[in-house]
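Biologist: Thanks for sitting down with me over this one. Could you walk me through the fold, starting wherever you like?

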Amino acid sequence: MAHRVLAAAAFAALLALPMTGCGATAVRTEPMATGESALTIGSLSLNPSSATKDRLLIERLEEENAHQRIEQLTQTLDAFCAAQPGSFSVYLQDLTSGEEYTYQTDTLYYPASTLKAPYALWLCQRDDAGEIDLDTELPNQFQGRMAGTALERFNDSETIPAWEALRAMIVNSDNNAVTMLTTQWTASEESGFADFLARMGFSAPNTCSITPERRILGMAGAADLGHFMAELYAYFDTGTENAEKLEECFLDADHDILYVPAGIPAAKKYGSWDYAYHDAAIVYAQHPYILVCMTDQGDADVDFPPQATAAMQELGRLVYEGLND
């Protein structure tokens, strides 16, 4: 049984950037130009204003409270995770403070459809850089064969907008959409996808690929997905057109595995296959957090295994209540 609780870096003293959920913005407190607290060119006041002192005190107290919340959760989560059958890995990050909890995050799993999440971000960032064009119309390789799928309305169309395919890939985990996207933009070591995963913090990036011929390959751990979700969270906060559209896709994800209370937004992506059942979420609660759970309890013939789903529901409840109640 392995876990660690890491203290986040201290907040910057005068230019703290608190994250308060979806669409948070940087807040800078400008010193007041008074006789007691003033800025002059090339010098800083040694007498911070009362408002600044109050702000720093609030931030320090919030950091201490976040540390206490994770500490109090640790024993509960250790016991819960240890009681689960098979391999059960958890990564948690309190986004207010950066505090982390991890359990067996060195264990690697087949990532299944969770790998579609970094693929989507990779496409958006390449579009941002002008390397590809997500306004492209993709050839419909499944014309006449999409009844009952997320892209059914395009069943008779010769082409499908790339963004519609990307949305179906994230919201509905649609595999036809993945095939169309990867036919246009293969995610492989040769195309730079492995380098992208390495920058995201993946421990075995060169094993991971998504191609129309072999679909999803690779190995990943809960910390890999957790660090990626932190990068995704930061990308959403850039407020670009692609960031807003991608965030909407993740917020609309059509599954309920890790527990999140009704009315609390969560950006999430799951994966399910033989010996792989995972979920990853950014939960925009009062104290926002990232939660990832990866297990070996999947079955290719059962999208949502009941026992494993119940365990993830309970895990999500313990975390939400531990950080927000």
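**A residue in a strand and its surroundings**

Modeller: Happy to, and please keep in mind that this is a predicted model. Leaving aside neighbours within four places in sequence, Leu 291 is in contact with Val 90, Tyr 91, Leu 92, Leu 258, Asp 279, Ala 280, Ala 281, Leu 315, Gly 316 and Val 319.

Biologist: Which strand is Leu 291 found in, and is Leu 291 buried or exposed?

Modeller: Leu 291 is found in strand β10. Buried means under 20% relative accessible area. Leu 291 is therefore buried, with a relative accessible area of 2%.

Biologist: How far apart in space are Leu 291 and Lys 268, C-alpha to C-alpha?

Modeller: In sequence, 23 residues separate Leu 291 and Lys 268. In space, their C-alpha atoms are apart by 9.4 Å.

**A helix and its cover**

Biologist: Let's turn to α6. What does α6 reach from its first C-alpha to its last?

Modeller: Helix α6 covers residues 222-236, which is 15 residues. At 1.5 Å a residue, 21 Å is expected, and the model comes close to that. From first C-alpha to last, α6 reaches 21 Å.

Biologist: Why is α6 described as largely enclosed by the rest of the structure?

Modeller: The buried residues of α6 include Leu 225, Phe 228, Met 229, Leu 232 and Phe 236. Their cover includes β2, α2, α7, β8, β9 and β10. Helix α6 is largely enclosed because the buried residues number 11 of the 15.

**Positive phi in two loops**

Biologist: Where does Ala 112 lie, and what is the phi of Ala 112?

Modeller: Ala 112 lies in the loop between β3 (100-103) and α2 (116-128). Ala 112 is buried, with a relative accessible area of 3%. Although Ala 112 is a residue other than glycine, its phi is positive, near 50 degrees.

Biologist: And what is the phi of Ser 173?

Modeller: Ser 173 has its place in the loop between α3 (162-171) and α4 (175-184). Ser 173 is buried, with a relative accessible area of 10%. Ser 173 is not a glycine, yet its phi is positive, at about 55 degrees.

**The whole chain**

Biologist: To finish, how many helices and strands are in the protein chain, and what share of its residues count as buried?

Modeller: The protein chain has 8 helices and 10 strands. Among contacts with a separation of 6 or more, residues 24 or more positions apart account for 64%. Of the 325 residues, the share that count as buried is 50%.

Definitions and conventions:
Residues numbered from 1 in each chain as written. Predicted model: local features only at pLDDT ≥ 70, side-chain atom pairs only at ≥ 80, totals over all residues. Heavy atoms only, no water. Helix = DSSP H or I, 4+ residues; strand = E, 2+ residues; numbered from the N terminus. Buried < 20%, exposed > 50% of the residue type's maximum accessible area, 1.4 Å probe, protein only. Expected span 1.5 Å × (residues − 1). Contact = heavy atoms within 4.5 Å.
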